[in-house]
Amino acid sequence: MKHRFLVAALASVMLASGTGAVVAPSHPVQAISKYSHHWHWVKVTKETPIYKVKVGRYMYQSKLTHKTYIEKGSDLKVMYSGHDYPWRVYAGQRGHWVALRQSANWFRN
């Protein structure tokens, strides 16, 4: 009897406070965790500036040296790094390139 009353009380509190309800995010989250830790081919949906990074020994010594734009419809490899720069763009041996957009709404899988 105690357990039924306790479960009923907890369920009513959760429903009243909205804790038990599952809420979808209001902004589109395009699989940030899916894109972390390895390169993925994506298609650019908005013209996006990318910057070449001259990497220093420490982060505060790194500089953005060159800016160029990726055209809409281009295919490229990106990786979400999150800590130094939000999105790294694969450039092979041509240095480090980054896109400084925080969200993932400038490309699609």
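**Exercises on aromatic contacts**

The model is predicted, with local features requiring pLDDT of at least 70 and side-chain atom pairs pLDDT 80 or more, while totals for chains, interfaces and linings use all residues. Residues are numbered from 1 along each chain as its sequence is written, and side-chain values use heavy atoms, without hydrogens and water.

**Exercise 1.** Classify the pair formed by the rings of Y58 and Y60.

*Solution.* Rings of Phe, Tyr and Trp (its six-membered ring) pair if their centres lie within 6.5 Å; planes under 30 degrees apart are stacked, over 60 edge-to-face, and the rest tilted. The centres of Y58 and Y60 are 6.0 Å apart and the planes are at 5°, so this pair is stacked. Y58, at 44% relative accessibility, is partly exposed, a class that lies between buried (under 20%) and exposed.

**Exercise 2.** Classify the pair of W39 and Y90, and state which parts the pair ties together.

*Solution.* The structure holds six aromatic pairs. In the pair of W39 and Y90, the ring centres are 5.2 Å apart and the planes are at 70°, so the pair is edge-to-face. W39 lies in the loop between α1 (2-17) and β1 (40-44), and Y90 in the loop between β5 (87-89) and β6 (96-99), so the pair ties together parts 51 residues apart in sequence. Here helices (H or I, at least four residues) and strands (E, at least two) are DSSP runs, numbered from the N terminus. W39 is partly exposed at 28% relative accessible area, and Y90 is partly exposed at 44%.

Note on methods. Buried means under 20% relative accessible area, exposed over 50%, partly exposed in between (1.4 Å probe, protein chains only).
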